[in-house]
Amino acid sequence: MKYFQPELETMSAADKRALQSERLVKTVAYVYERQKPYREKMDAIKLRPSDIKGIEDIWKLPYTVKADLRAAYPFGMMAADRKDLVRLHASSATTGKLTVSGYTGHDIDVWADCAARSLVMAGADENSIVHVCYGYGLFTGGLGMHYGAERLGAIAVPASAGNTQRQLQLLADFGADIICCTPSYAIYLIEEIEKAGLKPGRDIKLKGGCFGAEAWTEEMRADIERRLGIRACDIYGLSEISGPGVANDCEYKRGMHFQDDHYFPEIIDPDTLEPLPVGERGELVITTLDRTGMPLIRYRTRDIAALDDSPCPCGRTTIRMKRITGRSDDMLIIRGVNVFPSQIESVLLKHPDVRPHYHINVDRVNNLDTLEIVVELSPEAFSDTVADVEAIRAKLAADMASGISVTAKITLVSPGTIERSEGKAKRITDRRVLK
Ligand code: DLL
């Protein structure tokens with residue numbers, strides 16, 4: 001199976017634009033009528049739904065921000081009648097109140113299609129067994145991929161997060177070929193697979209996976225692919241828009257195919273709020289084109305990404321999105337220098353003597369920001385002499401200084417010291433916020 005919905009995934013540019021235009025015009029009229037907080041934003045700038053004639057007018061529309069969702073907690077952003085809503089999810093990824101997301105049956109259908117498209121890109125088909133170890137619950141990871149697997153006609157294994165030994169048993173006994181989990185959990189699973197003496201290919205039959213819900217790096221992808229012998233696809237999504245499957249890598253892994261018949265992406269400069277041209281990195285803004293439960297117009301995701309409209313050899317014509325390098329609110333400012341945790345990960349993973357388990361501590365001592373990176377040694381390096389370990393530390397410190405332009409204290413710890421994550425990894429402790 002090459003595509004899940006070939007007619008939609010390989011649509012011509014002209015047909016795509018016509019579809020996006022038609023859907024945007026409808027969405028704006030619907031939101032103006034049914035979503036009071038957004039109507040007020042449009043009224044404030046005297047913008048009428050009839051001013052939006054097609055996708056080329058999208059820049060005229062005001063942004064929606066997370067604070068709008070919080071202010072409308074819990075149901076103020078719902079546009080559908082209550083009787084038509086069938087599900088709620090919520091996210092507490094950042095501090096503060098939950099952001100609630102409401103879905104009609106139509107929204108769940110569209111989301112399942114997008115998750116099924118993603119699974120096909122990772123190598124799944126109707127004969128697949130899809131092992132889902134994203135958490136099931138208010139978090140969208142578990143149920144999103146579960147519905148996608150069923151939509152595809154594959155078998156979904158709702159393993160959910162946690163109980164790693166049980167996960168290994170299920171993977172070995174059921175023989176799943178596709179796995180869905182966070183990249184940090186994948187690394188944990190791989191370690192346990194290796195410890196148990198299970199061999200990918202022989203005991204574990206995985207061929208591909210959709211890994212997302214947190215920022216990760218090409219180095220991490222290479223590590224997962226090498227150790228599991230699989231195709232590791234990056235999958236993006238957020239509960240406000242639907243959940244996993246808004247964008248996903250195909251087999252060429254040249255950026256995630258953004259499901260732009262349903263979700264329209266833009267990149268803006270987060271400071272000036274001006275749209276940026278294709279290719280430039282900035283904040284991702286998404287408009288839902290046919291959502292009915294909780295449509296969102298020009299939602300500022302805070303995620304930092306770039307778009308790519310060059311053709312993809314896979315034949316899909318959806319616009320692509322380069323790997324998310326982080327969230328603008330995750331960006332650390334250390335002594336005036338901007339540092340994304342993913343840049344730190346990238347430097348660490350180029351070093352064969354450490355493993356991808358790390359924690360970042362930021363503090364302020366005598367009015368000066370300090371950065372400490374605690375990382376686990378590989379089991380081989382751990383048995384080296386003290387002098388060898390000191391050499392590893394010095395090399396990492398030097399690579400880090402040139403990689404992120406900030407000096408960091410490197411603390412090497414023994415294998416297994418850093419807490420493993422079952423869902424989104426929590427890798428930063430910023431004590432400055434408490435001071
Ligand atoms: O994380 C939905 C999801 C589940 C995506 C499973 C992929 C796989 P939220 O909990 O609402 O939803 O968190 C959304 O997670 O704004 C990004 O900051 C981050 N994120 C999600 N996918 C990626 C990714 C789910 N592939 C927030 N790369 C988003 C980097 C990601 N960050």
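Residues are numbered from 1 along each chain as its sequence is written, and side-chain values use heavy atoms, with hydrogens and water left out. Because the model is predicted, local features need pLDDT of at least 70 and side-chain atom pairs count only at pLDDT 80 or more, while totals for chains, interfaces and linings use all residues.

The protein has twelve helices and 21 strands. These are DSSP runs, numbered from the N terminus (helices: H or I, at least four residues; strands: E, at least two). The C-alpha trace spans about 75 × 55 × 40 Å along its principal axes. Of the 435 residues, 56% count as buried (under 20% relative accessible area, with exposed over 50% and partly exposed in between; 1.4 Å probe, protein chains only). Contacts are defined by heavy atoms within 4.5 Å. Among contacts with a separation of 6 or more, 67% join residues 24 or more positions apart.

In soluble globular proteins, nonpolar side chains tend to be buried together. A nonpolar core is here a set of buried Ala, Val, Leu, Ile, Met, Phe, Trp, Tyr and Cys residues joined through side-chain atoms within 4.5 Å. The largest such core holds 49 residues. Phe-211, Ile-224, Leu-348, Leu-371 and Met-400 touch the most other members. Helix H8 (residues 183–195) gives the largest share, seven residues. Domain 1 (1–328) and domain 2 (332–434) both contribute, so this core lies between them. The domain bounds come from an automatic or database domain assignment. Leu-371 has contacts that include Ile-334, Ile-360, Val-362, Ile-404 and Val-406, leaving aside residues up to four places away in sequence. A second, separate core has 26 residues, including Val-100, Tyr-236, Met-294 and Ile-319.

Strand S6 (residues 208–212) is mostly covered, with five of its five residues buried. Gly-208, Cys-210 and Gly-212 are buried on one side. Gly-209 and Phe-211 are buried on the other. Strand S5 (residues 178–181) pairs with S6 in the parallel sense over four bridges; pairing requires that DSSP finds at least two bridges between two strands. Cys-180 stands opposite Cys-210 in S6.

Elsewhere, four strands form an open, antiparallel sheet in the order S10-S11-S12-S15. Strands S10 (263–268) and S15 (326–327) stand at the edges, each with a single partner strand, so one side of each lacks a neighbour in the sheet. S10 pairs with strand S11 (residues 282–288) over six bridges in the antiparallel sense. Ile-268 has Glu-283 of S11 as its bridge partner.
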